[in-house]
Amino acid sequence: MGDESRKENSPVDSDNKETSDEFKKIQIKKSRNYYHNAMESHEVFKNLNQFEKKLVRGIMRGSGPIIMLWLISKKGQHGYEIMTQLHESSPFSDKVKMPSASIIYPKLHQLEKKGLIKGTWENHGKRKVKYYEITSEGIETLDKIRNFFKTRNNNLYEDFLEDVMYIKK
């Protein structure tokens, strides 16, 4: 499985000059299909129709970067720790593997590029890992998000979170 699998999954194939972006899109699509299939087989989803499933997946996918920023604000950590926490909190942790690096790291890189987190390389044994910490801009962004929900004239968002997601005020 050594060289053959590397050739098969290579971002640039000598016969077909596939770009790195195209390769990333393929990898993301594969991982989305994996999670989609796991969700479909989970008890929670069996009673939902296709549109309802799409709505739930949208909530889960859309909240990822905010949750990652929040996790890093609580404690600086490396990407694998974040993947582990997300996996352990998932209702599918017994059905699926940990979230793939092809999903987590692009979101971390996006947060880093926007200046919301800062990554520094550290040695952990024989390996180097990137350790992420929140920046002052990241703290400010989380505060703005919190204030957005706190300063609403009506309680629509709070009511939604409490009613649909069982998040208490």
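Which helix gives the largest share of the nonpolar patch? Hold that thought; the answer comes at the end.

Some ground rules. This is a predicted model, where local features need pLDDT of at least 70 and side-chain atom pairs count only at pLDDT 80 or more, while totals for chains, interfaces and linings use all residues. Residues are numbered from 1 along each chain as its sequence is written, and side-chain values use heavy atoms, with hydrogens and water left out.

The fold, then. The chain has nine helices and three strands. Helices here are DSSP runs of H or I with at least four residues, strands are runs of E with at least two, and both are numbered from the N terminus. Along the sequence the pattern reads α-α-α-α-α-β-α-α-β-β-α-α.

Now some totals. Of the 169 residues, 24% count as buried. Buried means under 20% relative accessible area, exposed means over 50%, and partly exposed lies in between, with a 1.4 Å probe and protein chains only. The accessible surface comes to about 12,400 Å². Carbon and sulfur atoms hold 54% of that surface. Areas come from the Shrake-Rupley method with a 1.4 Å probe; for residues, only the protein chains shown count as cover. On to contacts, meaning heavy atoms within 4.5 Å. Take those between residues at least 6 apart in sequence: 44% join residues at least 24 apart.

Next, the core. A nonpolar core is a set of buried Ala, Val, Leu, Ile, Met, Phe, Trp, Tyr and Cys residues joined through side-chain atoms within 4.5 Å. The largest one has 15 residues. Met 68, Leu 69, Ile 72, Ile 82, Leu 108 and Ile 117 touch the most other members. Two or more residues come from each of helix 5 (64–74), helix 6 (79–89), helix 7 (101–113) and strand 3 (127–134). Helix 5 gives the largest share, four residues.

Look at Leu 108. What does Leu 108 contact, leaving aside neighbours within four places in sequence? The list is Met 68, Ile 72, Gly 79, Ile 82, Ile 117 and Tyr 132.

Charges next. Side chains of opposite charge can pair when their charged atoms come close. For a salt bridge, the rule is a side-chain nitrogen of Lys or Arg within 4 Å of a carboxyl oxygen of Asp or Glu. The count is four. I'll show three of them, starting with Lys 130 and Glu 112.

Their side chains meet at 3.0 Å, N to O. This pair links distant parts of the chain: Lys 130 sits in strand 3, Glu 112 in helix 7, and they are 18 residues apart. Lys 130 counts as buried, at 18% relative accessibility. Glu 112, at 21%, is partly exposed.

Lys 75 and Glu 81 also pair, again at 3.0 Å, N to O. Lys 75 is partly exposed at 44%. Glu 81 is partly exposed at 22%.

Then Asp 143 and Arg 146, with closest N and O atoms 3.1 Å apart. Both lie in helix 8 (residues 136–150), three residues apart, about one turn of the helix. Asp 143 has 36% relative accessibility, so it counts as partly exposed. Arg 146 is partly exposed too, at 35%.

Back to my opening question. The answer is helix 9 (residues 156–165), with three residues of the patch. The members are Ile 59, Phe 160, Val 164 and Met 165, with about 310 Å² of accessible area together. Patches take residues with over 30% relative accessible area and no salt bridge; like charges are joined within 9 Å, nonpolar side chains (Val, Leu, Ile, Met, Phe, Trp, Tyr) within 5 Å. Val 164 is in helix 9 and, at 46% relative accessibility, counts as partly exposed.
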